[in-house]
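Hello,

Here is the structure for you to look over. My notes follow below.

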Amino acid sequence: MAKGSLYIGLMSGTSLDGVDAVIIDGSATKLLSQTYLPYTHDLKEQLRTLSQTGQTSLENLATIDVQVAHVFADAVHALLESSNTRATQISVIGSHGQTVFHKGGKYSMQIGHGSIIAERTGIAVVNDFRMNDIAASGQGAPLTPAYHQHLLGNKDGVVINLGGIANLTQISKSVVTGFDTGPANTLLDNWIKKCKQLDYDRDGIWARSGFISDDLLSALLADSYFKKPSPKSTGPEYFNLEWLNSYLTGTETDADVQRTLVELTAMSISKHIPKNTNVYLCGGGVHNLFLAERLAYLNPHSEMMTTDDLGMPVDYVEAAAFAFFAQQTLKGKTSSLPLVTGAKGARILGAIYAAQ
Ligand SMILES: Nc1ncnc2c1ncn2[C@@H]1O[C@H](COP(=O)(O)OP(=O)(O)O)[C@@H](O)[C@H]1O
Ligand SMILES: [Mg+2]
């Protein structure tokens with residue numbers, strides 16, 4: 001393996017917006033450089049169809065696996081160039097890849113082949129982080145709680161990642177718990193896409209213009225996922241427009257649905273936030289000002305902050321997590337938390353592709 005002392009992390013979540021790429025130092029708490037490479041419209045639409053329907057040909061799946069890997073490799077090149085870093089300074093790349101199918105406890109499939117990234121960058125790659133945990137009877141998700149714990153140091157607190165799906169980590173007296181609470185942005189993005197052909201509701205302005213439909217909100221909140229005990233994890237295979245449509249009565253206006261979905265996200269998260277806790281938000285949903293406002297409103301007894309307050313910018317926590325996990329894997333250290341994923345034990349995560 002390369003002798004570099006720096007680590008690269010690459011992440012694209014269920015929002016399918018594009019690749020977040022970071023360079024972190026050996027302590028894994030300091031962000032040295034970052035970039036973001038959006039997916040093209042065409043690739044995003046292909047991934048959206050694939051991840052929501054699970055339907056494609058093997059040829060398409062193999063092709064898109066390589067195509068996504070090239071975007072991830074492009075992100076590494078852009079990152080090295082913009083930060084004036086040489087590939088030899090990097091020890092390893094931790095690449096989460098793009099999840100196209102996840103069923104907690106059964107399988108979790110990320111694409112963006114490690115061979116392509118290793119070949120195009122000359123840097124070793126660790127990817128396919130989730131299957132080791134699933135092989136040990138775990139959910140394979142969420143994995144980031146271990147990194148949230150690392151970021152918090154010895155402090156207690158709650159970290160909430162507002163990606164396509166929301167995941168919550170609670171650290172109390174060094175005990176870490178965490179699970180996917182349900183949707184964060186995925187339904188918001190899909191609904192505005194359907195109604196207005198926009199990728200997302202900028203700053204939550206459209207949602208703010210609508211009114212909560214109480215009947216719809218209580219029906220959505222009664223969905224069995226929200227009642228399931230943890231460990232649990234989910235994805236857009238479950239929370240998608242088909243799921244939403246099964247609850248719509250046809251009497252709600254489009255804006256009222258968007259408003260109700262914001263409340264669904266805020267309420268399904270808030271019911272798990274204990275009082276008098278320090279809460280650190282991260283993920284793209286932090287930029288949805290209306291959602292952030294609703295979370296603050298529903299949690300008047302907690303201090304609402306962001307991971308910026310821990311020194312890690314909100315948009316890069318997840319990418320940094322996978323750089324950290326790759327570092328752990330090379331050291332032969334475990335990264336999964338059995339209490340979170342439900343696995344038989346902690347596991348060294350990922351598959352290693354040697355530097356070429
Ligand atoms: N200004 C904004 N207003 C509202 N939502 C935003 C804004 N910026 C980002 N987002 C939301 O954040 C999402 C991307 O968040 P991200 O953390 O990258 O999710 P993921 O981990 O699923 O890729 C976008 O799809 C969008 O829903
Ligand atoms: Mg993203």
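A backbone N or O atom of His-287 lies 3.4 Å from a nitrogen atom of ligand 1. That is a polar contact (a pair of N or O atoms within 3.5 Å). The protein covers 89% of the 580 Å² of accessible area that ligand 1 has on its own (Shrake-Rupley method, 1.4 Å probe).

This is a predicted model, where local features need pLDDT of at least 70, side-chain atom pairs count only at pLDDT 80 or more, and totals for chains, interfaces and linings use all residues. Side-chain values use heavy atoms, without hydrogens and water, residues are numbered from 1 along each chain as its sequence is written, and chains are lettered from A and ligands numbered from 1 in the order in which they are written.

A polar one of Asp-203 is 2.7 Å from a nitrogen atom of ligand 1. One of Gly-13, also polar, is 3.2 Å from an oxygen atom of the ligand.

There are 17 residues around ligand 1 (a heavy atom within 4 Å). Ser-15, Gly-164, Asp-189, Asp-203 and Gly-284 come nearest.

Now the domains. The assignment gives domain 1 (6-139 + 316-353) and domain 2 (145-310); such bounds come from an automatic or database domain assignment. Ligand 1 lies between them, because both give residues to its shell. Their centres, taken over C-alpha atoms, are 23 Å apart. In domain 1, 28 residues are in contact with 29 residues of domain 2 (heavy atoms within 4.5 Å).

Best wishes

Methods: A polar contact is a pair of N or O atoms within 3.5 Å; within protein, one must be able to donate a hydrogen and the other to accept it, and residues adjacent in sequence count only if both atoms are side-chain atoms.
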